[in-house]
Amino acid sequence: MSQNIVYSLTALMALLPASIYPYHRIAGQGADGRSAYFWGALALGFAGPAAWALTQVAGRWHTGLSTALWITIAACMLLFMAMSALTRSAWRLSPLLLPYLLTVGAFATLAQQAPAPVLRGGAPGIWIDLHIAVSVITYALLTMAAVASLAAFLQERALKSKRPTPLTRFLPPVTESERMQLHLLGASEAVLGAGLATGMAVLHYETGALLRADHKTLLSVASFVVIGGLLLAHARTGVRGRMAARLVLIAYLLLTLAYPGVKFVTDVLLG
């Protein structure tokens, strides 16, 4: 077993306590709410992926799928910790978010042996670093928006069927989930717009062009349009519920295809 696989498995195990904790709470076991165990598990779940991601990019940026996924996991954990500290209900998204991040971490571990090319280009380093940072933040924001949207969808379905489950009783109320979803979508749209702008700047330095009709660009623009359309529809008509949830998940799917999806095709299937 290679050293990189061992490190990746260690980062994966660091996510396990945080992924298990909410289900102990759903079952009525363990400490109440945002306990010291909760914060400790979150801190561990952030530290493991973050340390491994930083180790991989130390000195030079690698564009491999596994590295990108670990950086995304660390960013999502950091954002979730901040939301849990600042809002009363965000921590209740943990049964949906944390097992999902554990699954992404498992996939990142399986992809550890895929090629990890070093980023090259003629653009100034500050523009490349800014574009990468904005891209990671965008994906973390939209991940949280998708999770909040899914929580609202599950709650609304349980209310309409009058069949609540232990999971839906644990999740935030519909209004709280939709409020978080809306705020996260607004932030995602702003940061995604900045990401498209910095991407255009990097491309202009490298090729002299502002846009390139590749899969990543087209899918990113499509995500920007879908999110913008949803925000506009919400402002004008108050669209919410299942329709809003579907649109958020479509935007998340598009951005997933643009970000890790393209890397999966190029690094794993074609690599």
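Student: At what angle do helix 3 and helix 4 pack?

Tutor: This is a predicted model. Helix 3 covers residues 65-86 and helix 4 covers residues 94-110. Their axes lie 9 Å apart, and the packing angle is about 160 degrees.

Student: Are helix 3 and helix 4 roughly parallel or roughly antiparallel?

Tutor: Take the angle of about 160 degrees. Angles over 145 degrees count as roughly antiparallel. Helix 3 and helix 4 are therefore roughly antiparallel.

Student: Is the crossing of helix 3 and helix 4 left-handed or right-handed? Which residues make the contact?

Tutor: Helix 3 passes helix 4 in a left-handed crossing. Helix 3 brings Leu65, Ser66, Leu69, Trp70, Ile73, Cys76, Met77 and Phe80. From helix 4 come Ser94, Leu97, Leu98, Leu101, Val104, Gly105, Phe107, Ala108 and Thr109.

Student: How many nonpolar, polar and charged residues has the contact of helix 3 with helix 4?

Tutor: Leu and Phe count as nonpolar, while Gly counts as polar. By class, the contact of helix 3 with helix 4 has no charged residues, 4 polar and 13 nonpolar.

Student: How are helix 1 and helix 3 oriented, roughly parallel or roughly antiparallel?

Tutor: Their axes come within 12 Å and cross at roughly 25 degrees. Angles under 35 degrees count as roughly parallel. Helix 1 and helix 3 are therefore roughly parallel.

Student: Which residues make the contact of helix 1 and helix 3?

Tutor: Helix 1 passes helix 3 in a left-handed crossing. On helix 3, the contact uses Trp70, Ile73 and Met77. On helix 1, it uses Ser8, Ala11, Leu12 and Leu15.

Student: What distance does helix 1 reach from its first C-alpha to its last?

Tutor: Helix 1 spans residues 3-26, which is 24 residues. At 1.5 Å a residue, 34 Å is expected. The model comes close to that, with 37 Å.

Student: Which helices do the buried residues of helix 1 pack against?

Tutor: The buried residues of helix 1 include Ile5, Ser8, Ala11, Leu12 and Leu15. Tyr21, Pro22 and Arg25 are also among them. These buried residues pack against helix 2 (36-57), helix 3, helix 4 and helix 6 (166-170).

Student: How many helices and strands has the protein?

Tutor: Along the sequence, the pattern reads α-α-α-α-α-α-α-α-α. The count is 0 strands and 9 helices.

Student: What share of the protein's residues count as buried?

Tutor: Buried means under 20% relative accessible area. Of the 271 residues, the share that count as buried is 46%.

Note on methods
Residues are numbered from 1 along each chain as its sequence is written. This is a predicted model: local features need pLDDT of at least 70, side-chain atom pairs count only at pLDDT 80 or more; totals for chains, interfaces and linings use all residues. Side-chain values use heavy atoms; hydrogens and water are left out. Axes are lines fitted to C-alpha atoms, for helices over the stretch in contact, and angles run from 0 to 180 degrees between N-to-C directions. Helices (H or I, at least four residues) and strands (E, at least two) are DSSP runs, numbered from the N terminus. Angles under 35 degrees count as roughly parallel, over 145 as roughly antiparallel, 65 to 115 as roughly perpendicular and the rest as oblique. A crossing is left-handed if the near helix is turned anticlockwise from the far one by less than a right angle, and right-handed if clockwise. Contact means heavy atoms within 4.5 Å. The expected span of a helix is 1.5 Å times one less than its number of residues. Buried means under 20% relative accessible area, exposed over 50%, partly exposed in between (1.4 Å probe, protein chains only).
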